[in-house]
Amino acid sequence: MGVRTCSDCTLASRASAQGAVDGRQMPIRRLPPLLVNQIAAGEVVERPASVVKELVENSLDAGATRVRVEIEQGGRELIRVIDDGAGIDPEDLPLAIAPHATSKIAAAEDLEAVRTLGFRGEALASIASVSRMRIVSRPRGAETAAVIETEGDRVEPVRPAAGPQGTRIEVRSLFFNVPARRKFLRGESTEAGRIADLIAALAMAQPHVGFTLTQDGRAALEVPLGHSARDRVAAILGRDVAPELLEARSGDEGAWVRVWGLVGRPSTARRTGRALRIFVNGRVVADRVVLHAVREAYRGLIDPTRHPTAAVFLEVDPGEVDVNVHPTKAEVRFRNSSAIHQAVHRAVRAALRAADLVPEFDLGRGGSRDAERARGALPSFVTGSEPLSGAGPAGIEEPGSAGGPAAAVGSGSGSGGSAAAPYGESDDLLRRAAAALRSGSGGFSTPAAFAPGASAPPSTHPGSPGAAARSAVARGVRPPIEQLPIPVAAVRVLQVHDAYLVLEDAEGLRIIDQHALHERAMFERIRTRLAAGALERQRLLLPQSIEADPGRMESLARVGPLLERLGIDAEPSGPRTIAIHALPTLLFERGVDPVRFVEALLDRATDSEESPSEEGALGDVIAMMACKAAIKAGDRLRAAEIDELLRRADELERSSACPHGRPTTLRISLRQLDRQFGR
Amino acid sequence: MKVVCDRSALLDALTLAQGVTAARTPQPALQCVRLSATPGSLAVAATDLEIALRIGLAQVDVKQEGDAVIPADKLLQIVRASEDATLTIETAKTTMHIRGADSHFKVYGPEVKDFPALPGPAEKGPTCEIPAGSLRRLITRTIFATAVENSRFAINGVLFDRQGRKLRLVATDGRRLALAKGECGSGEGEHRCIVPTKALNVLVRLVDDPEAPIQIAADQGRIRFTVGIGEDAAVLTSVLVEGAFPPFEDVIPKDQDKRLAIDAGELSSAVRRAALLTNEESKGVRFSFADRTLTLSSRAPEMGEAEIHLDLDEYQGESMEIGFNPAFVIDALKHVDGGPVTIELKAPNKPGLIKQGQDFTYVLMPVSLP
């Protein structure tokens with residue numbers, strides 16, 4: 001726990017030595033400690049949210065069961081974090097704010113198995129160097145508390161003080177001595193939004209810890225201690241989303257990676273990725289491998305421009321994951337990332353597959369799209385269980401969703417204050433908030449199961465759901481509609497406006513988008529067919545040529561093998577020409593124009609150059625084929641065609657959404673109808 | 001205008017004219033027919049601006065000359081539903097009175113001037129004359145191979161390729177090609193043009209007497225068919241399809257090394273049966289040619305399989321297997337005469353040929369076999 005000089009110091013010196021001002025060689029000199037810390041602060045302390053993150057993580061590492069965060073003016077004026085954790089001994093207080101001083105690791109070997117959220121020992125010193133800081137702490141068992149105050153490089157001596165057990169850190173006037181950085185801070189509401197988002201993520205990671213966030217005196221989030229993982233996720237995502245959550249878990253007990261999560265039905269997908277949270281060993285991370293795996297599992301179920309609502313918790317053997325790759329620890333590195341990808345993908349997919357995904361048409365709220373939109377709004381973070389006295393709610397609501405249950409949670413006055421503002425502004429803000437979350441978030445203690453030498457079963461992980469949570473999941477699941485096949489011949493079907501089919505089922509009625517359903521059916525058929533070999537292709541009498549810019553040529557080279565499997569025989573026939581020699585019989589059968597199809601396909605390939613995997617690209621092309629080959633809205637169907645379509649739909653595994661993720665089927669239950677008619 | 005006309009002759013003319021009117025159009029006049037009474041005859045005309053048809057009726061008694069424009073479908077319904085031998089049609093301004101023995105219909109139409117002037121007869125150009133029956137045969141043997149809808153406009157019609165008295169019609173949809181050869185009664189010079197499918201469908205229906213002559217005149221943009229002579233003649237004018245027809249002569253293979261003859265009806269029946277176990281993504285029927293046998297087999301995943309054996313009188317060449325879309329084979333066999341056809345092949349990924357005599361050649365491209 002010694003104070004070491006930072007290697008950045010010498011680097012910085014060298015850098016400045018190379019710069020000559022006014023032709024004069026500047027002498028090399030050791031930087032004053034304040035400057036060193038300010039430079040380090042640049043890395044760790046980017047904005048108020050990063051301060052909050054560092055402080056809250058310290059609280060969690062200190063074993064706090066309750067963490068209270070108070071901010072004023074988006075954290076620019078005041079950030080106060082109060083915990084009931086272990087506290088800091090008075091004699092350690094000066095060390096706490098010294099650089100690279102930490103109680104969390106002592107030797108390099110400890111880095112191999114980091115179990116705490118923070119460990120680099122830079123946070124407090126960095127923050128202290130760019131703010132006016134005051135720490136009041138009373139260690140467990142101590143009679144009194146002690147206080148230390150700093151302002152830039154000026155450190156006041158430690159004095160005794162009064163205070164409850166735990167630590168209370170106040171950070172005022174952040175960046176008061178670094179005007180350049182202060183200038184770059186976003187608006188108050190943006191910073192406040194980032195902090196709210198961060199606390200939401202940390203709260204999900206630590207369901208047993210109680211969190212309170214107040215912004216300018218108004219409660220923005222409050223969750224009680226002792227939550228189960230499911231209750232916590234539900235509390236954060238909002239009550240209306242909770243019944244829409246499905247439980248995902250990996251099957252391989254005893255494996256070095258375990259996945260547990262709550263994943264939303266496709267109808268809960270949102271325009272931003274803020275409701276998609278990944279946690280690795282209790283840490284909030286933005287890991288691309290895991291995010292991609294989750295998104296892939298939703299492929300074909302939601303519109304690709306939308307993001308799933310999901311909280312996915314991974315327990316990974318500490319030896320298999322490197323958390324020391326980024327100063328804010330938002331990124332981690334897996335030793336075997338493809339196994340991680342597979343485990344997550346499989347768990348999420350299995351959960352989605354097992355569920356009935358046909359959305360219920362919401363008559364009360366004017367249609368499921370509106371309902372979806374309402375769910376897409378940010379939920380209130382205030383749970384109903386502990387109403388706040390007098391404080392306005394931090395009901396962070398999109399306008400127009402006021403009818404939703406989320407709005408009802410807020411306790412009245414003050415809605416739309418600074419807490420609500422950031423989300424009202426624009427998607428851009430939401431994106432930035434999400435970015436902030438990526439760059440500054442944390443989790444904390446590793447599950448006991450993976451602590452070296454520990455033998456506790458994995459279920460002791462705070463993220464593991466109890467039996468109660470599991471039954472809650474069970475309650476939230478409707479009987480799978482696919483298990484109630486409709487005897488097609490016996491059902492009266494009405495085609496309306498040559499676009500929708502309306503039919504009766506055991507529970508009420510279903511409305512089917514004929515194009516979307518046929519598209520889904522085609523998609524599955526093509527996929528099944530492809531699994532057995534390349535699609536049948538019809539050769540052309542004369543090659544049809546299409547004009548190709550370099551982009552199309554390049555796409556052709558890239559997706560060539562894929563096209564081959566699909567039965568598309570196309571090759572360059574000149575510097576700017578592509579000749580099509582053969583195409584899938586299927587496309588001809590469905591009257592698709594070959595030239596336009598291949599053109600569209602190559603252009604699509606050009607646009608999505610970063611196509612993640614061949615599987616993904618193949619899915620895209622099949623989806624495109626299915627779309628072009630499917631019945632269109634406006635096609636009048638004969639009775640036999642309707643029967644055929646419905647018969648096939650019954651055989652489909654996921655007929656509830658077209659390959660683009662739009663729903664194929666909505667249903668209205670008899671109960672809903674009865675209610676609407678006042679019976 | 002006032003005319004007394006033979007109902008069945010009028011019905012035939014209106015039925016043909018109705019086939020020309022535009023199906024969906026913002027111009028109501030394009031859904032009308034124009035009746036023009038001149039001494040001794042009544043002309044029924046209709047147009048969709050691309051095709052114009054004018055049918056002369058001699059079985060009329062013109063009481064008063066004049067013109068009238070009337071919605072085609074309504075007039076057709078009235079004439080069709082009537083049981084009278086003759087109907088009297090009289091117009092006053094835009095109102096038409098149609099009287100039968102016990103009936104009187106009053107139908108309102110647009111102004112005569114709203115009816116577009118029919119595209120004029122083609123300028124003086126190369127002409128030829130061919131018996132109606134011969135031309136009809138050439139058309140029916142090719143038109144089925146045209147593309148229904150295709151961005152390549154050039155193949156939404158049938159190529160007329162005439163050199164002196166020799167006339168060839170060619171049609172293709174990019175996957176198969178049909179070529180039929182015929183002889184004109186008279187013809188001068190050379191001419192090549194693409195005639196839209198719609199015009200030819202109308203033309204085929206105009207032919208009731210196979211011996212009647214059809215005069216063909218064409219210029220760069222239009223073609224005119226005059227069917228019959230005198231007051232009963234029908235004149236069909238059509239715009240031509242612009243663009244280049246695919247180089248069909250290059251597509252017809254010349255070096256096929258496997259050859260067999262088979263009865264068209266027998267083959268057609270076998271292919272129809274094999275096609276029962278195909279579906280839209282696995283269309284192909286496998287044709288396995290071996291010494292003196294042809295085996296047709298098909299397979300639809302999750303449905304089943306079919307196999308049909310045919311004896312061949314002769315098969316020259318090595319055994320081979322090739323896949324074809326059965327619909328393409330049946331299409332061709334439907335339009336040939338009864339009796340044998342010749343099939344010529346080269347390789348599984350090369351075009352196949354179906355021929356009948358010297359007059360009919362059909363090229364079809366294979367499908368891949370699993």
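Colleague: Why is E156(A) called partly exposed?
Modeller: The relative accessible area of E156(A) is 31%; buried means under 20%, exposed over 50% and partly exposed in between (1.4 Å probe, protein chains only), so E156(A) is partly exposed. This is a predicted model, in which local features need pLDDT of at least 70 and side-chain atom pairs count only at pLDDT 80 or more, while totals for chains, interfaces and linings use all residues. Residues are numbered from 1 along each chain as its sequence is written, chains are lettered from A and ligands numbered from 1 in the order written, and side-chain values use heavy atoms, without hydrogens and water.

Colleague: What makes R154(A) and E156(A) a salt bridge?
Modeller: A salt bridge is a side-chain nitrogen of Lys or Arg within 4 Å of a carboxyl oxygen of Asp or Glu. The closest N and O atoms of R154(A) and E156(A) are 2.4 Å apart, and the pair therefore qualifies.

Colleague: Are R265(A) and E244(A), which form a salt bridge, buried or exposed?
Modeller: R265(A) is buried, at 3% relative accessibility, and E244(A) is buried too, at 12%. Their closest N and O atoms lie 3.4 Å apart.
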